[in-house]
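Visitor: I am new to reading protein models. Could you walk me through one?

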Amino acid sequence: MNKLVKKQEQRLKRKKHVRKNILGTALVPRLTVTRSSRYIYAQIINDEESLTLASASDVKSEKKGKKTESAMEIGKELAKRAKLKKIDKVVFDRNGYKYHGRVKALADGAREGGLKF
């Protein structure tokens, strides 16, 4: 078995384990993180209505630098967009990724921006 395939299967297993306990509501939506080898994406989702309330990513960002620094900025930007929609509390869904590196930096940036989770 390919090493990359095994890592993906392990992440999906962690994702299923975590997702069965996390649900975003209108009062406390879910902040989910998706990362690729190049970019990082974050969304605040109301699962009851299947509605994305706010989102941010570094796809259109022209800043050069480290990915963790970019993830921190994306977290702050997402928190700013959430504040405009009067969202201050969320539940964090790391989407099966380890809470380390870019995922942790995004969460720290969101906390700095004023989100509570």
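Guide: This is a predicted model, and we will go through it by question and answer.

Visitor: How many residues does helix α2 have, and how far does α2 reach from its first C-alpha to its last?
Guide: Helix α2 covers residues 67-84. At 1.5 Å a residue, a span of 26 Å is expected. The model comes close to that, with 18 residues and a reach of 26 Å.

Visitor: Within what arc do the buried residues of α2 fall?
Guide: The buried residues are Ala71, Ile74, Gly75, Leu78, Ala79 and Ala82. Look down the axis of α2: they line one face of the helix, because their arc is 140 degrees.

Visitor: Which residues are exposed on the other side of α2?
Guide: Buried residues of α2 are covered by elements including β1, β2, β3 and α3. On the other side, the exposed residues are Lys80 and Leu84.

Visitor: How far apart are N and O in the salt bridge of Glu73 and Lys76?
Guide: Both residues are in helix α2, 3 residues apart, so about one helical turn separates them. Glu73 is partly exposed at 38% relative accessibility, and Lys76 is partly exposed at 31%. Their side chains meet with N to O at 4.0 Å.

Visitor: Which residue forms a salt bridge with Arg81?
Guide: The closest N and O atoms are 2.9 Å apart. Arg81 is partly exposed at 35% relative accessibility. Its partner is Glu77.

Visitor: What is the nearest side chain of opposite charge to Arg102, and how far away is it?
Guide: Arg102 is in helix α3. It is buried yet has no salt bridge. A salt bridge needs nitrogen and oxygen within 4 Å. The nearest side chain of opposite charge is Asp58, at 5.8 Å.

Visitor: Which backbone oxygen does the side chain of Arg102 reach?
Guide: Arg102 has contacts beyond its neighbours in sequence, among them Arg35, Ile40 and Ala71. Its side chain comes to 3.4 Å from one backbone oxygen. That oxygen belongs to Tyr39.

Technical notes:
Residues numbered from 1 in each chain as written. Predicted model: local features only at pLDDT ≥ 70, side-chain atom pairs only at ≥ 80, totals over all residues. Heavy atoms only, no water. Helix = DSSP H or I, 4+ residues; strand = E, 2+ residues; numbered from the N terminus. Expected span 1.5 Å × (residues − 1). Buried < 20%, exposed > 50% of the residue type's maximum accessible area, 1.4 Å probe, protein only. Arc of directions from axis to C-beta. Contact = heavy atoms within 4.5 Å. Lys, Arg positive; Asp, Glu negative; His and termini not counted. Polar contact = N/O pair within 3.5 Å; in protein donor to acceptor, adjacent residues only side chain to side chain. Lists of a residue's contacts leave out its neighbours within four places in sequence.
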